Amino acid sequence: MKHPSASPVIASFAKLNLYLQVLGRRQDGFHDLSTLFARIDLADRLIFKPRKDNLIKIVCSNPAVPQNKSNLVYRAAALLKQEYKLSAGIEIEINKVIPVGAGLGGGSANAATALVELNRIWNLNLSKTQLVRLGAKLGSDIPFFIHQVKFALGTERGDKIKPLISLNKLKLHFILVYPDLKVSTPLIYREFDVFLSANRNFSGLTRAAHNVKILISGLLKKGQAFSSGYLFNSLEVITCSLYPVVKQVKKALCDMGLDKVMMSGSGPVVFAFCDSRQQAQTLCGRLRKQYKSWQFFVVSTV
Ligand code: C5P
């Protein structure tokens, strides 16, 4: 039985972008998007321990995660304290499983978990709408995680969320491949802008053959068996040209006979649709033997 005073341990799930069309650069420097988010069962664990003083302390053993004020979880706690003039203190331990700088939204997921959990611990009674508004100040992906849904459509900066309840029964299975490489999202968007301004007549990055609605209806009707041509990510060409290893990862997955293979977010993680968790595990075993320097994960939507 759980001890009544035990600190809560909360799972913080990652996401994949099954579709990511960059529509154009905005006045504020961000980009308008049309994206399909899927929540997956790859999760960090966050432990919340109230402190007697009024400090925020972040504890994380992964050296890629900052433990100072720049950490998104620290910033989420600080934002709540500042907005609601709280004198509370909290220690948040982050047990990292989600690769960092990978295109899986790990940092954003952790910040969303912190907002939702601190709302409860500090008895703030904030609504989902209020939490989403605060989350969007910290990062474009955070509102998706605050909604706590399996699938959602993201528009504007990716922060305007429409949960896709019609896909709730759908369970998708993937192999994820992480070539040990941290990618900076701002860099990829900057390079995207540079590429577009140098290639004004080239619309391949912004214009998808099929819009996101076609992918959603394909998933609804056919589950995993929709056409691979429905997948699209505007940022993939940019990340692949900066980091050719991402192209090698894609090829390795295609060589296994997988056809629905794409990068998530700004990368470098590449995902491949599999027919079942069993198939994903079998293929993953083979890939692990062949490509020793990459990390592999078998995940499902959750
Ligand atoms: O919102 P977030 O902090 O996660 O974004 C990181 C960076 O990615 C931004 O500073 C911006 O350079 C870029 N970005 C963008 N358009 C978006 C989302 C992110 O240009 N819709």
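I first wrote down that buried means under 20% relative accessible area, exposed over 50%, and partly exposed in between, with a 1.4 Å probe and protein chains only. The model is predicted, so I noted that local features need pLDDT of at least 70, that side-chain atom pairs count only at pLDDT 80 or more, and that totals for chains, interfaces and linings use all residues. Residues are numbered from 1 along each chain as its sequence is written, and side-chain values use heavy atoms, with hydrogens and water left out.

**Entry 1: backbone angles**

I looked up asparagine 125 and found that it is exposed, with a relative accessible area of 71%. Asparagine 125 has a positive phi of about 55° although it is not a glycine, and its place is in the loop between H2 and H3. Helices (H or I, at least four residues) and strands (E, at least two) are DSSP runs, numbered from the N terminus. Asparagine 123 is found in the loop between helix H2 (106-121) and helix H3 (128-138), has a positive phi of about 50°, and counts as exposed at 61% relative accessibility.

I then turned to a cis peptide bond, which joins glycine 267 and proline 268 with an omega of about 5°. Proline 268 lies in the loop between strand S9 (261-263) and strand S10 (270-274). I kept in mind that most residues other than glycine have a negative phi, and that most peptide bonds are trans.

**Entry 2: around the ligand**

Which residues are around the ligand? I listed Gly29, Phe30, His31, Leu33, Gly139, Ser140, Arg157, Thr185, Pro186 and Tyr189, where being near means that a heavy atom of the residue lies within 4 Å. By class, this shell has 4 nonpolar, 5 polar and 1 charged residues, and in this scheme Gly counts as polar. Strand S2 (31-51) and helix H5 (185-198) each supply at least two residues of the shell, and the largest share, 3 residues, comes from H5.

An oxygen atom of the ligand lies 2.6 Å from a polar side-chain atom of histidine 31, and an oxygen atom of the ligand is 2.5 Å from an N or O atom in the side chain of serine 140. At arginine 157 a polar backbone atom is 2.9 Å from a nitrogen atom of the ligand. Taken alone the ligand exposes 450 Å², of which the protein buries 74%, with areas from the Shrake-Rupley method and a 1.4 Å probe.

Definitions and conventions:
Polar contact = N/O pair within 3.5 Å; in protein donor to acceptor, adjacent residues only side chain to side chain.
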